[in-house]
Amino acid sequence: MRTVLKQLKQYKRDTFLTMVFTTLEVIMEVLLPFITALIIDNGLEQSDMPAILKYGVLMLVMAVVSLFSGAMAGKFAASASSGFACNLRESMYIRVQDYSFSNIDKLSTAGLVTRMTTDVTNLQNAFQMIIRIAVRAPLMLVSSMVMCFLINRNLSLVFLAALCFLAVVLALIMKKSSAVFKEVFDRYDDLNASVQENVTAIRVVKAYVREDHERDKFNKAAQNLYRLFVKAESMLALNNPIMEVADGSIDFEHVSFVYKHGTGEDTLEDIDLHIKSGETIEIIGGTGCGKSSLVNLISRLYDASEGTVKFGGRDVREYDMEVLRNEVSVVLQKNVLFSGTILDNLRWGNENASEEECRTACEAACASEFIDRLPKGYDTWIERGGTNVSGGQKQRLCIARALLKKPKVLILDDSTSAVDTATDAKIRKAFQTYIPGTTKIIIAQRVSSVGDVERILVLDDGRINGFGTHEHLLENNEIYRDIYESQTQGGGDFDQAV
């Protein structure tokens, strides 16, 4: 490390300034929650407007300082790491010029090229992260723990125990992955050697018509490198699930959405909505009020035009798309079945699901009722598009398929419209047992099963008209009261009632 760090040379100042600005950024971030507490305790609760303004201005100043510090830390970190890599690469090149023949024989040309390109780039990226994270993480950890103990000692002991557990698990992951990465870098040499040899001797290769042989040799080296990288990165990928347990909470923070920009009319306007993890929410509203548009923003079938949609406390745009959509399961009114057996279709939800798991999911979706009556049961062939099953049967199979994903969020977009009220109620009741911790969002045209949901969202013309319990809305929301009374007294779905 001493040898490597000597290459900082004229970039020591930038390295030091990176650490200084990172420290300042952390201090501001840690203190901001305390200023928020002062606003609440000394301002809002005391109805003291001067205090609110004073602390509000202080918060604004601290936020600006934090933002500025973060930007400056990033600027100096980029300068220091780029300069460090430049000096290191130059020193390595000069060193190679002084090598004896024995050293050159021991270190292949391909290996030297790898050291001065790939390896130096890796060191540059690592150094840039270290001078920020190696300062930020310990500072944030220590200061946060101090603040936690000052607020609540007993609760802080829980976090301390979790940190000890994380340290042990991450140490094991690093130990396992380090050996694999060492082998990866050796394979880089093989790959570079294959490229260099082929390019240098390309005339000979062509003269002897050995292109296929050289291509196979390169492919073999590339495949070996691919397999090792997948293995190493798979180990490191364990870090994220351990460091973050993403729950099923959904937050819409002043979200607006329009399908076509420039039309001047939003499909959704200023949606401010907060759904707790594990909660069951029903959404009702007339045709075109934005029900489907709202839920489509959660799994990023569309992105919000304004505002932020959060899943598990994190902006949905920060997630890998595949990860996000594996955690959010959507069942549409007109879902599609594919040609194949019932089991084949169910395993679209989880390709590794056992037959027993498929049966359990079908019981929860009330699909087992008709599957068990079929001569071939779960091996019954489904025609393309599911043309040989009824609409209600198709919907229940699609619900079972979604349940097999064991998602954090389950969205039913009017997906029980083709089943009777009794079956609809049984499906909702089964959700409480099969996926109790999953957040369930149900778009429905009828409000007859209000006992199965915690809260109901009333949408009207792309805006939230009401959000609360059945009793609260019945008493305070005119639209909901009209819907409920028209359905319970005269029958019919919501669109007919409107």
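Predicted model: local features only at pLDDT ≥ 70, side-chain atom pairs only at ≥ 80, totals over all residues.
Student: Where does helix 2 bend?

Tutor: The bend is at L32, by about 25 degrees. A proline, P33, follows within four residues.

Student: Now the surface. Which residues form the nonpolar patch?

Tutor: The patch consists of F34, L141, V142, V146, F149, L150, I151, L157, L160 and L163. Together they have about 870 Å² of accessible area.

Student: Which helices each supply at least two residues of the patch?

Tutor: Those are helix 5 (109-151) and helix 6 (153-200). Helix 5 gives the most, with 6 residues. L141 has a relative accessible area of 42%, so it counts as partly exposed.

Student: On to charges. What is the general idea behind a salt bridge, and how many are there?

Tutor: Side chains of opposite charge can pair when their charged atoms come close. With a cut-off of 4 Å between a side-chain nitrogen of Lys or Arg and a carboxyl oxygen of Asp or Glu, the count comes to 12 salt bridges.

Student: What is the partner of E269, and which parts does that pair tie together?

Tutor: E269 forms a salt bridge with R463, and their closest N and O atoms are 3.0 Å apart. E269 lies in strand 2 (residues 268-275) and R463 in strand 12 (residues 463-468), so the pair ties together parts that are 194 residues apart in sequence. E269 is partly exposed at 38% relative accessibility, and R463 is partly exposed at 37%.

Student: What about R455 and E279: which parts does that pair tie together?

Tutor: Their side chains meet in a salt bridge at 2.6 Å, N to O. R455 belongs to strand 11 (residues 455-460), while E279 sits in the loop between strand 2 and strand 3 (280-284), so this bridge ties together parts 176 residues apart in sequence. E279 is buried, with a relative accessible area of 8%.

Student: How should I read a pair within one helix, such as D424 and R428?

Tutor: Start with the geometry. An α-helix has 3.6 residues a turn, so residues three or four places apart point the same way. Here D424 and R428 both lie in helix 16 (residues 421-434), 4 residues apart, about one turn of the helix. Their side chains meet in a salt bridge of 3.4 Å, N to O.

Student: Are these two buried or exposed?

Tutor: D424 is buried, with a relative accessible area of 2%. R428 is buried as well, at 3%.

Student: Which residues are linked in a network with D424 and R428?

Tutor: E282 joins them: E282, D424 and R428 are linked in a network of salt bridges.

Terms used
Residues numbered from 1 in each chain as written. Heavy atoms only, no water. Patch = residues over 30% accessible without salt bridge, like charges linked within 9 Å, V, L, I, M, F, W, Y side chains within 5 Å. Areas by Shrake-Rupley, 256 points an atom, 1.4 Å probe, with all protein chains shown as cover. Buried < 20%, exposed > 50% of the residue type's maximum accessible area, 1.4 Å probe, protein only. Bend = angle between axes of the 7 residues up to and from the residue.
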